[in-house]
Amino acid sequence: MNHERATDEVGSSVKFTFYGTKARAYGTLDKKSGGSFDVFVDNEYVESMTLRWGGPMSKLYQTGLLPEGRHILELKAAVFRENSNAAIDAFAFESPANEIRD
């Protein structure tokens with residue numbers, strides 16, 4: 001929250017370790033400067049995502065429902081267009097005691 005970090009280096013990554021059933025990553029979506037991330041959950045590739053539409057503190061990614069326990073959400077910078085970057089600002093997680101509501 002207001003501590004956004006950006007990269008333009010392919011292979012840079014950020015990991016969020018949490019104990020729960022679901023996690024979200026927030027950051028900046030910008031059609032001019034959007035990059036893409038490969039998403040990993042518990043060290044398993046899930047999908048690639050491109051950051052293009054939205055604005056500051058947009059929901060970038062949300063995991064599916066996971067079994068309750070310790071998990072790792074990793075976003076790894078994959079592709080950048082000219083003069084683009086990828087930015088992450090915050091994470092949130094859900095557990096039985098901390099449910100995320102849309």
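Colleague: How many helices and strands does the chain have?
Modeller: The chain has 0 helices and 8 strands. Both are DSSP runs, numbered from the N terminus: helices are H or I with at least four residues, strands are E with at least two. From the N terminus, the order reads β-β-β-β-β-β-β-β. This is a predicted model, where local features need pLDDT of at least 70, side-chain atom pairs count only at pLDDT 80 or more, and totals for chains, interfaces and linings use all residues. Residues are numbered from 1 along each chain as its sequence is written, and side-chain values use heavy atoms, with hydrogens and water left out.

Colleague: What share of the residues counts as buried?
Modeller: Buried means under 20% relative accessible area, exposed means over 50%, and partly exposed lies in between (1.4 Å probe, protein chains only). Of the 102 residues of the chain, 46% are buried.

Colleague: Which contacts should I look at across the chain?
Modeller: A contact means heavy atoms within 4.5 Å. Take the contacts with a separation of 6 or more: residues 24 or more positions apart account for 81% of them.

Colleague: How do I read a nonpolar core, and which residues have the most contacts inside the largest one?
Modeller: In soluble globular proteins, nonpolar side chains tend to be buried together. A nonpolar core is a set of buried Ala, Val, Leu, Ile, Met, Phe, Trp, Tyr and Cys residues joined through side-chain atoms within 4.5 Å. Here the largest has 17 residues, and Phe 18, Phe 37, Val 39, Met 49, Leu 51, Leu 73 and Leu 75 have the most contacts inside it. At least two core residues come from each of strand 2 (13-20), strand 3 (22-28), strand 4 (35-41), strand 6 (58-62), strand 7 and strand 8 (86-94). Leu 75 touches, among others, Val 14, Ala 25, Phe 37, Val 39 and Ile 88.

Colleague: Which way do strand 4 and strand 5 pair?
Modeller: Two strands pair if DSSP finds at least two bridges between them. Strand 4 and strand 5 (residues 44-50) pair in the antiparallel sense over 6 bridges. Phe 37 stands opposite Met 49. The two strands form a hairpin with 2 residues between them, and Asp 42 in the turn has a positive phi of about 55°.

Colleague: How many aromatic pairs are there?
Modeller: Rings of Phe, Tyr and Trp (its six-membered ring) pair if their centres lie within 6.5 Å; planes under 30 degrees apart are stacked, over 60 edge-to-face, the rest tilted. The count is 5. Phe 16 and Phe 18 are stacked, because their centres are 5.6 Å apart and their planes at 15°. Phe 40 and Tyr 45 are edge-to-face, at 5.8 Å and 75°. Phe 40 is buried at 16%, whereas Tyr 45 is partly exposed at 48%. Phe 16, Phe 18, Phe 91 and Phe 93 form one cluster.

Colleague: Where is Lys 76?
Modeller: Lys 76 sits in strand 7 (residues 69-80). At 29% relative accessibility, Lys 76 is partly exposed. Lys 76 and Val 14 are 62 residues apart in sequence, yet 6.6 Å apart in space, C-alpha to C-alpha.

Key
Lists of a residue's contacts leave out its neighbours within four places in sequence.
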